[in-house]
Amino acid sequence: MPLTLSFFAPARARTSPVRKRGTRRMIVLLGALATSWAWSAPAFAGDGVLEINQTCAVQTGCFAGDAAGLPITIDGSAGRSYRLTSDLVIPNQFTDGIVVSTDNVSIDLAGFEIRGPVVCSGTPLACTPNSGGGSGVGVTSTALSGISVRNGSVRGLGFYGVHLGVQSEVTNVRARSNRSSGIDVGTGSTVSGNTTHQNFGGGIVAGSGSSVSNNAVYQNAGSGIFTLEGSIVSGNTANQNDSQGIVAGAGSTVSGNAAHQNGSAGILAFDGSTVSGNTVRSNTGVGLSLGPQSGYRENVISNNTEGTVTGIGLVNLGNNACNGSTTCP
């Protein structure tokens, strides 16, 4: 808020030189105070959202609770909602980009990128560090809840791309070439509309009771998608990952996904899961590997190296196609 100063003297009064000098000193002093206040106040990106950018991060800290230098630290004392207004360039693979230490924080990357220190090269671009411990967006404890990250890129970090706690939300994020998993979240989280590519760990890892939907997950060194029990995994594409395309814990629903050319099973679902409407083709392992008491229906399973469907005590619920035949195990 600008500081406006007005000084009035009676029209007929004569101001002495001493009073003039005092007035000038007051103007200079108040002007300096106003400048100092404006410099130390947090910048707002609009609508009460606090601004994060490379300049404030390195020079002054961006808001209350954040000291100068990376990582940017969010403890909630300045507010709950934050937005990038420039790329963040991380100086080395051991440094985090943004670290959150409180619940219920929203971070909008606004189309910008949190970028690690390794220069990308090759086709397709690859820039994964060989070592490190820094994440693009991380938390001080995985017990923290209600943190969301959306709308931007996290690339080339020394550890996770995005690493959050329980009841988290990650949407419309591109997580590429990170040394561990691209996106890793805790119990009861939502992961939707993201792209994870060439991460050295898994593409997406989610805790129990999570929803993982409409993501594109490919060429990761671990499993494309890995969830724990009671999760919903739907509408994703999992292609050319080095391990399984999709892994779902017991009691999960896995539906409407495409798993293609992965280095192990196309879809692995544990006990008591429902697996339906998936297209599973040309994986190095078996098409579907299912735990006891699981049911599968309306899947198209073809050209997988180790067969179509395997498991003990599973139930064929019908309308599956196995290598062009309606006869499935």
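Which loop holds Asn 220? A few notes on that and on the rest of the chain follow.

1. **Ground rules.** We're looking at a predicted model, where local features need pLDDT of at least 70, side-chain atom pairs count only at pLDDT 80 or more, and totals for chains, interfaces and linings use all residues. Numbering runs from 1 along each chain as its sequence is written, and side-chain values use heavy atoms, with hydrogens and water left out.

2. **Asn 220.** Asn 220 sits in the loop between strand S18 (216-218) and strand S19 (225-227); strands here are DSSP E runs of at least two residues, helices H or I runs of at least four, both numbered from the N terminus. Asn 220 is buried, at 0% relative accessible area (buried is under 20%, exposed over 50%, partly exposed in between, with a 1.4 Å probe and protein chains only). A polar atom of its side chain is 3.3 Å from the backbone oxygen of Thr 196, and the backbone nitrogen of Gln 198 is 3.5 Å from a polar atom of the Asn 220 side chain. Leaving out residues up to four places away in sequence, Asn 220 also touches others, including Gly 201, Gly 202, Gly 203 and Asp 242; contact means heavy atoms within 4.5 Å.

3. **Confidence.** The chain averages a pLDDT of 88, with 84% of its residues at 70 or more; pLDDT is the predictor's confidence in each residue, from 0 to 100. Watch residues 1-21, though: pLDDT stays under 50 there. Residues 26-40 also stay under 50. Where pLDDT is low, the predicted coordinates should not be read in detail.

4. **Core.** The largest nonpolar core has 56 residues, and among the members touching the most others are Ile 52, Ile 98 and Leu 288. Such a core is a set of buried Ala, Val, Leu, Ile, Met, Phe, Trp, Tyr and Cys residues joined through side-chain atoms within 4.5 Å. Beyond four places in sequence, Ile 98 touches Ile 72, Leu 84, Val 137 and Gly 138, among them.

5. **Aromatic pairs.** There are two, counting Phe, Tyr and Trp rings (the six-membered one for Trp) with centres within 6.5 Å; planes under 30 degrees apart are stacked, over 60 edge-to-face, the rest tilted. Phe 63 and Tyr 82 make a tilted pair, 4.9 Å centre to centre with 55 degrees between planes. Phe 63 is in the loop between helix H2 (54-59) and strand S3 (72-74) and Tyr 82 in strand S4 (residues 81-84), so the pair links parts 19 residues apart in sequence. Phe 159 and Tyr 160 are also tilted, at 4.3 Å and 55 degrees. Phe 159 is partly exposed at 29% relative accessibility, whereas Tyr 160 is buried at 14%.

Conventions:
Polar contact = N/O pair within 3.5 Å; in protein donor to acceptor, adjacent residues only side chain to side chain.
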